[in-house]
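Here is a short briefing to read alongside the structure. Please have the viewer open, and turn the model as you go.

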Amino acid sequence: MDLSMRVDRRNEPRPDVVVVRRTHANRSPVPVEDALLAVEVVPPPFVFRDMYDKAKVYAHAGIRSYWVVDPLQERVTLTEYALGANREYEQVAHTEDLFVTERPWKVSVDLPALTARKNDLLAPDEE
């Protein structure tokens with residue numbers, strides 16, 4: 001399914017993961033007002049765009065929670081941002097350990113397990 005979010009006629013970003021309200025889960029593009037969380041997994045050439053440019057679009061659109069997952073560090077990291085009163089994101093967490101949040105609901109992400117899986121996938125084959 002296409003994960004594009006219609007913000008306005010010039011902006012239709014496509015996050016790596018978007019969590020939306022169930023009532024419009026089958027619409028494409030997703031109405032931005034139904035987005036509860038946007039997640040970007042940062043690839044090397046797009047670090048600046050994903051972390052700054054898209055964050056500004058998501059914040060302006062009113063998406064309350066925004067996560068950035070960076071698998072390129074030695075250990076996988078996750079940075080959580082929450083929408084502040086000034087419609088800009090404020091960093092509320094940055095970790096490479098077990099990530100637990102209540103936004104938009106209680107969820108945990110085992111980043112050490114993701115790091116171990118990444119290392120297993122990148123390890124040279126042993127014969």
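Predicted model: local features only at pLDDT ≥ 70, side-chain atom pairs only at ≥ 80, totals over all residues.

Helix 2 spans residues 111–122, and its buried residues pack against strands 6, 7, 8 and 9.

- Strand 5 (residues 65–70) and strand 6 (residues 77–83) run antiparallel and are joined by six bridges.
- If you follow that pair, you will find Trp-67 opposite Glu-80 of strand 6.

**Helix 2**

- Helix 2 has 12 residues, and the distance from its first C-alpha to its last is 16 Å, close to the 16 Å expected at 1.5 Å a residue.
- Where the helix starts, a side-chain oxygen of Asp-110 comes within 3.1 Å of the backbone nitrogen of Ala-113.
- Leu-111, Thr-115 and Lys-118 are buried in this helix.
- Viewed down the axis of helix 2, the buried residues fall within an arc of 60°, so they line one face of the helix.
- The partners of these buried residues include strand 8 (98–101) and strand 9 (107–110), along with strand 6 and strand 7.

- Thr-101 belongs to strand 8.
- Its relative accessible area is 5%, which is under the 20% cut-off, so Thr-101 counts as buried.
- The side chain of Thr-101 makes a polar contact of 2.6 Å with the side chain of Glu-80.
- Leaving aside residues up to four places away in sequence, Thr-101 touches Trp-67, Glu-80, Lys-106 and Val-107.

**Two loops worth a look**

- In the loop between strand 8 and strand 9 you will find Pro-104.
- The peptide bond joining Arg-103 and Pro-104 is cis, with omega at about -5°.
- Arg-87 sits in the loop between strand 6 and strand 7.
- Phi of Arg-87 is near 60°, a positive value in a residue other than glycine.
- With a relative accessibility of 45%, Arg-87 counts as partly exposed, because that class lies between the 20% and 50% cut-offs.

Note on methods. Residues numbered from 1 in each chain as written. Heavy atoms only, no water. Pairing = 2+ DSSP bridges. Helix = DSSP H or I, 4+ residues; strand = E, 2+ residues; numbered from the N terminus. Expected span 1.5 Å × (residues − 1). Buried < 20%, exposed > 50% of the residue type's maximum accessible area, 1.4 Å probe, protein only. Arc of directions from axis to C-beta. Contact = heavy atoms within 4.5 Å. Polar contact = N/O pair within 3.5 Å; in protein donor to acceptor, adjacent residues only side chain to side chain.
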